[in-house]
Amino acid sequence: MRPTQALMAGGEGPIGRHGKFLGGWGSFGGMPQKGIIQYTLSANKQNPLAGAANAAVFNTWRRFSAQVLYVAPPMIFFYYAMSWATDRNHYLNSKQGRAEFADE
C-alpha cells in the first residue's frame, strides 16, 4: 500500500499526477508577491506585558460594573429572605413559638 499524497505533501519529491513538485508548505513555487513589506521587532526589544496590569485593573472594573446590577439585587433579596426564614425557624422552635402555636 503506498502513502497518500496528503502524507507525501511535506516532502521534497515529485507530487501530483504529472510528477510536478509544487514546493514546501507556504511556498507553492509561484511568482513571489510584490509590494508586501514586513517589519519585525527583535525578541529582546519586545515587552509582551506592557500595560497588562493597568489594563487588567480597568478591564476588571468595567466588566464588574456592567454585571453588578444583574447579580447584586437577587443576592441581596435572597440573603434577606434566608435571614428572615432562619430567624422565623428559630422563633417557631423556641418556647415562645411553641406556646403561640400550641393549639394548632
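**Surface and aromatic pairs**

At a relative accessibility of 57%, Tyr79 counts as exposed (over 50% relative accessible area; buried is under 20%, partly exposed in between, with a 1.4 Å probe and protein chains only). This is a predicted model, in which local features need pLDDT of at least 70 and side-chain atom pairs count only at pLDDT 80 or more, while totals for chains, interfaces and linings use all residues. Residues are numbered from 1 along each chain as its sequence is written, and side-chain values use heavy atoms, with hydrogens and water left out.

Tyr80 is also exposed, at 56%. The structure holds three aromatic pairs (ring centres of Phe, Tyr or Trp, the last by its six-membered ring, within 6.5 Å; planes under 30 degrees apart are stacked, over 60 edge-to-face, the rest tilted). One of them joins Phe77 and Phe78: the centres are 5.1 Å apart and the planes stand at 75°, so the pair is edge-to-face. Tyr79 and Tyr80 form an edge-to-face pair as well, with 5.5 Å centre to centre and 75° between the planes. Phe77 is exposed at 54%, and Phe78 is exposed at 55%.

The protein chain has three helices and zero strands (DSSP runs numbered from the N terminus: H or I of at least four residues for helices, E of at least two for strands). Met75 lies in helix α2, residues 52–92, and is exposed with a relative accessible area of 55%. Of the 104 residues in the protein chain, 3% are buried.
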